[in-house]
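Work through the exercises below with the sequence and the model side by side.

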Amino acid sequence: MIGEILNIAFITGLIGATMRMATPIIFATIGEILVERSGVLNLGIEGIMLMGAMTGFLVTFISGSLWVGVLAAALVGMILALLMAFLSVFLGLSQHVSGLGITLFSSGLAMFIYRLHFGSPVIPPIVQPFTQVAIPLLSKIPVIGPGLFDQYMLTYIALLLIPLISIILYKTKIGLKIRTVGENPLAADTVGVNVNLTRTLCLVAGGALMGTGGAFLTLAHQNMFLIDVIGGRGWVSIAMVIFGNWDPLKGALGAIIFGFLDGLQLRLQGLGFRVAFDIFLMIPYLLTIVVLVGVSRKASVPAGLLKPYRREEKGG
Amino acid sequence: MTENKEQPVVQMRSITKRFLDVTANRNINFDIFAGEICALLGENGAGKTTLMNILFGYYTCDQGEIFIKGEKADLSSPKDAIARGVGMIHQHFTLVPSQSVLENIIIGTDSGRGFFLDLRSARDRLLEIQKRFGLQIDPEARVWTLSVGQQQKVEILKSLYREVDILIMDEPTAVLAPSETVELFKTLKHLAEEGRSVVFISHKLNEVMEISDRIVVLREGEVAAERKTGKTDVRELANLMVGRDLLERIEKKRITPGEPVVEIEGLTALNDKGLEAVKNLKLLVRKKEILGVAGVSGNGQTELSEVLFGLREPVKGSIKIGGRLLRAGSPVSAINLGMGRIPEDRIETGLLMELTVEENFILENHVSPGFHRSGLLSFNKIHQFSDHLIRGYGIKTAGRDAAARSLSGGNLQKLILARELSGEPTLVVASQPTRGLDVGAMEYIHKRLLQEKERGAGVIVISEDLDEIFTLCDRIVVMYEGRIMGDVPIGEASREQIGLWMSGVRK
């Protein structure tokens with residue numbers, strides 16, 4: 001048994017699976033970090049991912065183009081994020097309620113639109129999914145090469161997003177504005193930063209990432225849409241935001257660790273242990289909870305999170 | 001000052017601002033001249049901050065016009081005001097504690113190449129400004145590591161960085177130690193000498209007399225008077241501010257204190273960041289004695305009061321009330337040992353704003369035998385009790401069924417007082433008991449606390465207001481960085497000495 005785990009093909013396969021399983025969570029985690037750093041908790045994430053998954057699949061099915069499907073998924077993510085912005089930023093409603101509302105709404109809507117187009121087929125329709133793209137030379141590195149550098153385009157994009165969002169947050173003017181809006185919206189307002197516009201922009205950008213993450217699941221990881229395709233990955237991403245202490249690098253690291261556990265449990269299932277496969281499915285989620293218990297005590301939550309911003313309408 | 005004072009840099013004309021049914025500013029005319037320090041004096045709720053928030057673009061006025069440097073200004077946000085050179089430093093600082101000084105200062109300015117921040121040139125510019133005005137602060141320091149006085153400097157630098165030449169400061173000395181106040185005044189004078197204007201919002205007469213060139217007094221939303229500082233005195237200003245002769249000084253009876261009511265030994269407690277906020281503290285208060293705990297905010301007073309209230313578990317030490325040990329971190333124990341607790345934040349900790357006046361009255365003693373029978377509340381008795389307290393304390397409310405949130409600040413504090421004193425506590429701990437209250441309510445609270453002492457209770461008053469401490473207390477201790485700097489009977493206390501202790505100087 002140990003021999004099987006340690007053989008090179010197994011390790012290479014595990015690295016590849018890790019990156020594949022991590023991709024949608026990296027997208028969603030980074031999107032959520034961007035949103036939360038501006039002071040909004042988007043619990044619509046699970047629903048937005050599902051709508052992204054469905055839209056990506058449907059548009060690809062109709063248009064025949066995978067990339068058109070991905071763009072449509074991102075666009076739908078942005079539209080749902082705008083709805084979230086309208087409720088939680090413009091109207092100043094509870095972020096918890098608005099977000100959960102969007103998730104519930106999206107879950108219903110996704111199935112509704114799917115059925116509208118496909119009815120209830122016995123065999124789910126499929127699309128020709130993305131294929132892996134090997135990067136010349138790098139993919140020839142022994143052991144890790146085929147795992148890391150023979151991946152989907154979307155996986156490479158997810159990895160590039162990690163430093164990109166980090167740089168935006170920490171090195172640019174807009175990043176400083178986002179961080180200040182998330183920590184002390186009054187401070188931002190008094191120096192002329194439009195708090196609600198900044199939050200809306202972050203929500204929309206984050207929504208695009210969440211939608212794309214969802215589309216990865218129906219256009220690369222699988223080639224069909226099932227109602228449980230997201231399987232709680234949105235909630236896991238929320239946990240990864242906390243695990244990463246609202247930092248894109250650490251959050252993505254969390255996503256990769258989750259991807260590793262997910263990839264590992266898939267592989268362990270394949271090794272023929274005489275245990276119900278549900279136990280394996282549970283592992284990454286279980287460890288997420290364990291890790292959070294340890295980490296969240298030291299979390300430094302953006303101080304403006306969950307608080308709708310209004311100019312105070314009563315002065316001394 | 002020799003600047004041309006004929007043409008004001010700011011003219012506010014017939015400004016009116018209403019909040020729902022309250023008129024905060026009524027038809028106010030207010031000018032600011034170049035190179036002057038103008039004090040805006042008035043009681044809480046007189047409309048000073050509102051008026052300046054309008055000039056700062058934070059509020060829009062319902063009627064009136066503003067001219068800045070000769071041009072009509074339509075200010076719809078602080079950005080517009082800053083662009084015209086008007087900056088304002090609020091009482092609660094608008095800083096992000098987790099970010100660096102530099103980041104806090106440059107946010108929203110357009111320095112830097114295109115998309116990216118240019119921290120290096122911003123830093124050079126900041127250092128230059130620091131040098132010019134003598135405001136030394138490490139640009140890389142995280143704001144949460146700075147003292148309140150240093151944070152205020154960051155706020156001033158933030159304004160100067162934006163080339164503000166009309167600087168509004170809202171009660172800037174409220175959070176400062178006396179030595180920091182001296183430093184602030186130097187800075188403000190320096191700014192005025194350079195031809196900039198400073199508006200100094202305050203209700204402290206002595207300060208206003210010391211710092212300003214001109215004083216505008218607001219009362220109930222209107223301009224009550226305007227005076228050159230040299231041509232008025234504290235007494236006149238007080239009358240203008242309150243609109244009547246100030247009441248006689250509160251009579252404080254000399255009573256010999258009795259046996260100890262509370263004994264604190266070796267108390268050490270951490271703050272929320274896990275740092276030691278109270279260090280090895282020893283205190284003793286006797287029956288019929290009011291002990292004042294003075295100090296600049298953030299020197300462990302909040303943590304001390306929370307430990308006493310049973311809201312914070314100390315790391316070390318013991319508290320005995322009437323000879324019995326207070327169970328650490330147990331509010332119930334504090335209540336059972338007969339402590340009347342008046343917290344510093346009435347709204348956050350003292351009351352439940354959505355509950356009725358009556359429900360707030362019985363928060364602590366709804367479990368006592370008089371108020372329930374086998375777990376069901378005995379409303380007849382509770383009604384009687386509530387009506388009795390409302391009458392006894394003169395609480396202005398629509399009735400015992402009114403929501404607490406419908407009460408004014410002074411009446412909220414009376415509600416807490418009524419609840420806490422109704423059980424005739426052996427020890428009363430009052431933290432910032434009159435913060436934010438007007439003169440009338442303040443007097444009432446002071447009288448009640450003195451009555452408690454005469455009745456035989458021991459009283460601890462934790463306050464940042466030295467006037468309050470001197471009015472009420474029999475003995476003063478000063479807290480500095482979690483320790484007691486000095487302990488002195490009121491008869492032997494001098495303000496200078498207390499001021500030195502507050503800034504950590506021990507002679």
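**Exercise 1.** Determine how many salt bridges link chain A and chain B, and which side chains take part.

*Solution.* Between chain A and chain B the count is 1 salt bridge, the term standing for a side-chain nitrogen of Lys or Arg within 4 Å of a carboxyl oxygen of Asp or Glu. The partners are the side chains of A:Arg179 and B:Glu103, with 2.9 Å from N to O. This is a predicted model, in which local features need pLDDT of at least 70 and side-chain atom pairs count only at pLDDT 80 or more, while totals for chains, interfaces and linings use all residues. Residues are numbered from 1 along each chain as its sequence is written, chains are lettered from A and ligands numbered from 1 in the order in which they are written, and side-chain values use heavy atoms, with hydrogens and water left out.

**Exercise 2.** Describe the extent of the contact between chain A and chain B, and the make-up of the side that chain A contributes.

*Solution.* Begin with the residues: 27 from chain A and 37 from chain B are in the contact, which requires heavy atoms within 4.5 Å. Next, the buried area (the accessible area, with a 1.4 Å probe, that two parts lose on being put together, summed over both) is about 2,600 Å², and carbon and sulfur atoms give 60% of this area. Then, on the side of chain A that touches chain B, two or more residues each come from helix H7 (153-171), helix H8 (173-183) and helix H9 (185-190) of chain A, where helices are DSSP runs of H or I with at least four residues, numbered from the N terminus. H8(A) gives the most to this side, with 7 residues. Finally, the residues of this side divide into 10 nonpolar, 7 polar and 10 charged.

**Exercise 3.** Characterise how domain 1 and domain 2 of chain B meet.

*Solution.* The assignment, which is automatic or from a database, gives domain 1 (10-242) and domain 2 (261-351 + 408-502). Their centres, taken over C-alpha atoms, are separated by 32 Å, and 8 residues of domain 1 are in contact with 9 residues of domain 2. The area buried between the two domains is about 680 Å², with 62% from carbon and sulfur atoms. Of the area that domain 1 buries against domain 2, B:Asn44, B:Trp144 and B:Pro178 supply 49%, more than any other three residues.

Definitions and conventions:
Nonpolar A, V, L, I, M, F, W, Y, C, P; charged D, E, K, R; others polar.
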